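I set out to look up a few local features of this structure and to note each in turn. The entries follow below.

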Amino acid sequence: MLIERIMKKAQTIPAQAAFTEADNSYTYRDLGDAVHQIVEQLNQLALNDRPILVFGKNNFLSLTAMLASNAVGHAYIPVDEHTPLERVAAIVEASKPALVISTSAIDGSTKQVLGEPLLITEFQANPAFDFSMLDLSKAVSGHATTYIIYTSGTTGVPKGVEVSHDNLASFVAWMLSDFEQIVDNKYLAQPLFSFDLSIFSLYPSLVSGGELVSLSRDEVGNFKKLFERLNQATINTWISTPSFVDMLLVDPSFKQANHSALQQFIFCGEELTLKTARRLQEKFPDVKIYNTYGPTEATGAISSVLIDDKLLAANDRLPVGKAKPGVKLAVEQGEIIIMGDSVGNGYFENPQKTRASFVTIEGQPAFKTGDAGSLDADGMLHYQGRMDFQVKFNGYRIELQDIEANLVMNEHVEQAVMIPRYNEDHKVTALIAVIKPHAYSTDKATMRQISKAIKADLLTRVMDYMLPTKFVYFEELPLNQNGKIDRKLLAEKVAG
């Protein structure tokens with residue numbers, strides 16, 4: 001079991017740092033102690049067998065709450081504290097958790113949504129703690145679900161992706177064997193725990209006795225704080241989306257001389273462009289760059305490739321690699337199909353959507369990704385974009401129809417269509433909301449006020465990274481020959 005492996009490793013290096021925040025560092029002994037304290041509280045409750053929702057920041061307490069949930073045999077659902085309350089409510093309604101653990105103090109309106117959460121807002125070390133006190137006999141194992149991550153749904157209702165313990169164990173084994181093997185590896189832990197990119201650092205680090213260098217939301221949102229923290233931290237393995245590193249590359253100080261310990265970049269979550277890879281090579285000539293690919297439904301990533309000069313020269317779009325052990329790839333009618341031990345358990349209590357995407361091929365579990373792609377003669381996978389209305393923007397997977405469904409709830413909106421704008425590197429650079437308002441006006445000031453009201457209302461229902469970057473208004477939206485809104489024509493109209 002992964003939790004057992006983590007605690008056995010912790011027992012051998014109790015004084016070593018496991019998780020470092022801006023103002024605090026926690027050892028592996030602290031990790032075991034904190035998990036044990038939460039387990040003791042959970043064991044006193046009469047819980048049903050449903051998952052436990054963990055609400056809070058990307059911090060040590062949230063991490064230990066997730067591990068403790070698994071330790072007592074429950075899947076966990078990570079939900080960031082900045083998630084709009086309506087969306088939190090939708091996740092609570094869909095998941096019906098056995099318990100909510102909040103690692104952040106909550107106000108009255110949040111409490112109304114979460115019910116009566118178990119509040120765990122501070123850690124005080126127990127001097128008497130010993131690892132032998134931690135009972136892992138009920139821990140999640142095998143095919144049982146270890147976590148559920150909620151992603152955008154086409155109806156505006158989030159859908160929960162179930163990943164099993166064995167899925168995650170296979171992923172961890174791959175991360176610890178197919179990338180750079182670094183003693184006392186220090187991993188950047190920047191992605192939200194509610195974003196599956198976070199598993200790239202969390203579990204490989206803890207299983208191998210590494211250190212997680214955590215960035216808070218406040219640090220990521222403040223350029224000055226962010227660079228101060230990064231320039232002070234020692235990081236060996238960099239995990240992020242390409243967009244996050246694009247933001248940093250703007251600053252001249254982001255270079256190898258200021259990050260001499262860095263040995264590898266590992267990217268996932270969106271397309272790594274030639275432009276970004278080349279800029280990284282220039283600024284970090286001795287650091288290896290890995291491109292990976294995989295949807296949440298297939299446990300983080302299922303392919304990888306080391307980016308070198310040969311690949312950069314031979315491709316207009318960088319390949320996303322060859323399949324990890326235990327996975328077989330196929331392309332059927334242009335769609336990437338993933339088969340093998342990385343394919344998750346389905347969408348939580350959503351059999352209709354599960355049947356549509358999770359199938360069995362050649363006796364193996366398989367996932368129909370909805371991604372367009374191709375396989376070359378060497379088995380290298382080339383990603384060619386989404387086949388439906390789903391996009392990656394700033395590293396986040398976003399269902400455009402999710403935003404549309406929430407836009408039309410606004411009193412000003414009669415119809416709404418989301419149009420992604422792509423640059424020459426095939427990367428989404430903007431999300432344009434094309435709207436037919438109930439009261440169309442040619443007065444620009446009036447429409448600006450309407451945009452402001454729509455944006456404020458939308459923020460109460462969707463994550464901030466899903467907000468449209470531009471609003472465009474039409475008195476009527478064009479229809480195609482099937483009587484549907486002509487998205488292609490709209491895209492042409494709003495181009496430029």
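Helices (H or I, at least four residues) and strands (E, at least two) are DSSP runs, numbered from the N terminus. The model is a predicted one: local features need pLDDT of at least 70, side-chain atom pairs count only at pLDDT 80 or more, and totals for chains, interfaces and linings use all residues. Residues are numbered from 1 along each chain as its sequence is written, and side-chain values use heavy atoms, with hydrogens and water left out.

I noted that the phi of Gln-333 is positive, near 50 degrees, in a residue other than glycine. Most residues other than glycine have a negative phi. Is Gln-333 buried or exposed? Gln-333 is exposed, with a relative accessible area of 82%. Here buried means under 20% relative accessible area, exposed over 50%, and partly exposed in between (1.4 Å probe, protein chains only).

I then turned to Asp-184, in the loop between α6 (165–178) and β9 (186–189). Asp-184 is not a glycine, yet has a positive phi of about 55 degrees. I recorded Asp-184 as partly exposed, at a relative accessible area of 43%.

Entry two: the sheet. I traced an open sheet of three strands in the order β24-β25-β26, with mixed pairing; two strands pair if DSSP finds at least two bridges between them. β24 (413–422) and β26 (470–473) stand at the edges with a single partner strand each, so one side of each has no neighbour in the sheet. From one strand to the next the twist averages 25 degrees. Strand β25 (residues 428–437) pairs with β26 in the parallel sense over four bridges. I found Ile-435 opposite Tyr-473 in β26.

Which residues touch the most other members of the largest core? They are Leu-63, Phe-200 and Leu-407, of 104 residues. Helix α3 (residues 60–71) gives the largest share of this core, eight residues. Domain 1 (2–384) and domain 2 (394–494) both contribute residues, so the core lies between them; the domain bounds come from an automatic or database domain assignment. I also noted a second, separate core of 29 residues, which includes Phe-284 and Ile-289.

Key:
Axes fitted to C-alpha atoms, helices over the stretch in contact; angles between N-to-C directions. Core = buried A, V, L, I, M, F, W, Y, C linked by side-chain atoms within 4.5 Å.
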